[in-house]
Amino acid sequence: MTRQLVSSGSPFEGEIGFSRAVRTGNRIEVSGTAPIRDGKTAGIDDLYEQTKTCLDIILKAVEQAGGKPTDIVRTRIFLTDISRWKEAAKAHGEIFGDIRPASSFIGTSALINPEWLVEIEASAQIED
């Protein structure tokens, strides 16, 4: 089975040793995706904007791996303040309202950068 690696250009990829996404067969797994735009945190203190940024990066990675938004079957949303989950849910729902992947909202005490309010993982399954 071939293994396709997708890079987003994040400096963390080489430092940590990971890919933004990996496709094996019809499966695409997208790494934890932070709200980084042009090398900086997007939407400081704006959870909705940060969530949209993460999801945009994820959608691009899935497309680079040969998938499309409707192939996404799972998302995991990690929040540093779980009480603000509705802000992230609004952004998620705008993209996935009709697709409706399995999804989890998980509260965590911190992410790598204290400016990040959210980090998101996704899984996709490409139909034959």
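I call a residue buried when its relative accessible area is under 20%, exposed over 50% and partly exposed in between (1.4 Å probe, protein chains only). This is a predicted model, in which local features need pLDDT of at least 70, side-chain atom pairs count only at pLDDT 80 or more, and totals for chains, interfaces and linings use all residues. Residues are numbered from 1 along each chain as its sequence is written, and side-chain values use heavy atoms, with hydrogens and water left out.

**Helix 2.** I took helices (H or I, at least four residues) and strands (E, at least two) as DSSP runs, numbered from the N terminus. Which residues of helix 2 are buried? I found Leu47, Gln50, Thr51, Thr53, Cys54, Leu55, Ile57, Ile58, Leu59, Ala61 and Val62.

I counted two strands as paired if DSSP finds at least two bridges between them. Six strands make an open, mixed sheet in the order 1-2-3-8-6-7. Strand 1 (3-6) and strand 7 (102-107) are at the edges with a single partner strand each, so one side of each has no neighbour in the sheet. Strands 6 and 8 run antiparallel, joined by seven bridges.

**Ile120.** I looked here next, taking contact as heavy atoms within 4.5 Å. Ile120, in strand 8, has Ile77 opposite. Leaving aside neighbours within four places in sequence, Ile120 also has contacts that include Thr51, Cys54, Leu55 and Ile58.
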